[in-house]
Amino acid sequence: MSQRILVVDDEAHIVQVLSLKLRNAGYTVEMATDGEEALELALKARPDLVITDFQMPYMTGLELCRALATEESTAEVPVIILTARGYALEPEDLEIGNIRDVLSKPFSPRAIVELVQRTLAETASGPGHSQFRSEVA
Amino acid sequence: MQAGKIASLTLGAVMAGASATLWSVAPHIPWLHQQQPLLRAGVLFGATVVVFAFILLPFGALIDASVAKLQRYIEGAASNDQVPIFGLGVRLMRPITRAFTGAVDQFRQREQALRNQLGDLEIRHRVSEAERRQIEAVLHAQRDAVIVTDAFHEIVMANQAAAQILGFDLASAIHQSIDAVIADDRLRQLIRDARDTGNFSVCRHVEHCLTVKDHDGDQAESRVYDVTLTCVENHKHEVGAVVTILHDLTREREISQMKSDFVSKASHELRTPLSSIRAYVEMLVDGEATDERGRQEFYRVIQDETERLGRLIDNMLNISRIEAGIVQIEREHVDMKAVIHRAVQTLEPQARDKDVSINVRLASVDLTVEGDSDMLYQVVLNLVSNAVKYTPEGGRVTVGADSDNLTRSVVVSIADTGLGIPPDSLTKIFEKFYRIENYKRVAKGTGLGLSLCKHIVETVHHGQIGVESKLGMGSKFWFAIPMRYAGSRAAA
């Protein structure tokens, strides 16, 4: 069974393009356009990885991370954050939940797939935080 | 030879001659021979005295007359009258009058020089007085606080801004010690330090925060100042005075913060469509779309997002041009009825797709205003487009216009049966990049449309824009444009 990726962004185009790219790469993709919807989906069926936008209505990406971390079933799910405002993230924000990486928009879908593969491989070999990328200003 | 010596010698010679004559004639007088020797000597002495008296008396009278003439001459000189001296004794008086005339001339020259100096000083005094008034006017016109203190840390000069910022009475502060006038400890210490260091070549800049009361003295607020301290050298090359200037940085900081916020929000808004464009282009390059339909969908997204990016950049530039006052306006008579019909016509297909009806209700009066036709079209288009976007299917948008004779303006209103605006968002809705978070999914926007409308209506046309709304009950945006534009051609 293929691994499940949950993609969350309030921009429908971004969700669609990421879903297609990840599906073409062999993953099962679930889509959500805000944090609350994403949390609901994650609790219903635990994803193997979450890719979420940082700034979203109702619930921000960070709030989603915090919520996932508090639930037993989703506490260990690795999260990749996408942001159009890298500097709005403070280093201490990255300690929240299980954030593995932060990518600045505009991003490359190709690079996202590579990052997803690497993160899932790391998760399989042993849990823990990886080095944060330099995209965070 | 001097006249005085000649006169003395002549007098001596006359008196010697007279004595010699008397003494040589005396032995030939028989009567004298018959007298006692003592009496004879007495008579001869008496005769000599009489002869001398006869000689000296006219001479004395001559001296008297000369002294009187000299007196008149001196008196004349004192009152600046030239009294001529002639007659007897002139020669005798000449050295005195000559010396006196010389002295008088010298005194006159000195007097003239002093008068000239006095004139110069009076002119200089008037000039420096005028300069002092000018400097005072410059000083009091300054928004920066200026305080000049002397070597004893007493205030010699201060302006109204200083009195207001530091909260003292200007009239009574002069010649008072800074300890009695300036309440802020750090500022007093800065002034003392500036004098103690005595460095003339360097202006010291210190950032300092002060709590300042407003003009009414009711509310106090914290403001940031750039304090400049300059030492002024006196004639002994010591620190004669310290000039302290307080420049308010608060507004500059706020503007700088606003600029930084704008850039940050703008970059976020620009990155969003750019993300889609980049992602979809890469998908096409990587051949991720398996069929022609998929590719067409990618092209459409790229096209839409490119247009969105273009609109965003246009709006940003238009707003910043209006804010900077460099926008060129084609002011003409604009029939708002025509503008409304044009905008509604443009948006009809979009409304039809959503099953939203657009009703136009225009008063049957002249609705012509003076303004820029393209800009006013943009305002109507933006407001009607928003109304269509945020009105659910089956809803209704009503565009109305009427003239307001009281304010002599044309009022255009755009009402919808849409979602309405939350009360806390009503005041912020015209701010740049403000988006009602929960409506982001309903429609895509640049976050600049309403801000641009406000700028066009209020800054360019000196009109008014506003909104009334209840959550779930729809919204009504309105704007009023003066029928006759009163102002300069360039936008403020």
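Two residues are in contact when their C-beta atoms, placed from the backbone, lie within 7 Å. By that rule, the contact between the chains takes 19 residues from chain A and 20 residues from chain B.

Before clicking on, some housekeeping. Residues are numbered from 1 along each chain as its sequence is written, while chains are lettered from A and ligands numbered from 1 in the order in which they are written. This is a predicted model, where local features need pLDDT of at least 70, side-chain atom pairs count only at pLDDT 80 or more, and totals for chains, interfaces and linings use all residues.

**Stop 1: the chain A side of the interface**

Stay with the residues of chain A that touch chain B. Helices and strands on this tour are DSSP runs numbered from the N terminus (H or I, at least four residues, for helices; E, at least two, for strands). Helices α1 and α4 (109–125) of chain A each supply at least two residues of this side. The largest share, six residues, comes from α1(A). Now colour by class: Ala, Val, Leu, Ile, Met, Phe, Trp, Tyr, Cys and Pro count as nonpolar, Asp, Glu, Lys and Arg as charged, and the others, Gly among them, as polar. You'll get nine nonpolar, four polar and six charged residues on the chain A side.

**Stop 2: a helix pair across the chains**

Select α1 (residues 12–24) of chain A and α9 (residues 250–285) of chain B. How are two packed helices described? By the angle between their axes and the distance between the axes. Here the angle is about 25° and the axes are 10 Å apart; axes are lines fitted to C-alpha atoms, for helices over the stretch in contact, and angles run from 0 to 180 degrees between N-to-C directions. Angles under 35 degrees count as roughly parallel, over 145 as roughly antiparallel, 65 to 115 as roughly perpendicular and the rest as oblique. α1(A) and α9(B) are therefore roughly parallel to each other.

**Stop 3: the inside of chain A**

Chain A has four helices and five strands, in the order β-α-β-α-β-α-β-β-α along the sequence. Of its 137 residues, 43% are buried. A residue is buried if 20 or more other C-beta atoms lie within 10 Å of its own, exposed if 12 or fewer, and partly exposed in between, with C-beta atoms placed from the backbone.

Select α3 (residues 61–70) of chain A. Its buried residues are G61(A), L62(A), L64(A), C65(A) and L68(A). Seen down the axis of α3(A), these fall within an arc of 155°, so they line one face of the helix; the arc is that of the directions from the helix axis to the C-beta atoms. They pack against β1 (4–8), α2 (35–44), β3 (49–53), β4 (79–83) and β5 (99–104) of chain A.

Then jump to P106(A), in the loop between β5 and α4 of chain A. A cis peptide bond joins K105(A) to P106(A), with omega about 0°.

**Stop 4: over to chain B**

Bring chain B back: 14 helices and twelve strands, with 24% of its 492 residues buried. Select α11 (residues 336–353) and α12 (residues 373–389) of chain B, whose axes come within 9 Å and cross at roughly 35°. The crossing of α11(B) and α12(B) is right-handed. By class, their contact has twelve nonpolar, four polar and one charged residues.

**Stop 5: two loop residues**

Most residues other than glycine have a negative phi, and most peptide bonds are trans. R408(B), in the loop between β9 (396–404) and β10 (409–416) of chain B, has a positive phi near 50°. R408(B) is partly exposed, with 13 other C-beta atoms within 10 Å. Finish at F433(B), in the loop between α13 (423–426) and α14 (449–460) of chain B, where phi is near 65°. F433(B) counts as partly exposed, with 17 C-beta neighbours inside 10 Å.

Key: A crossing is left-handed if the near helix is turned anticlockwise from the far one by less than a right angle, and right-handed if clockwise.
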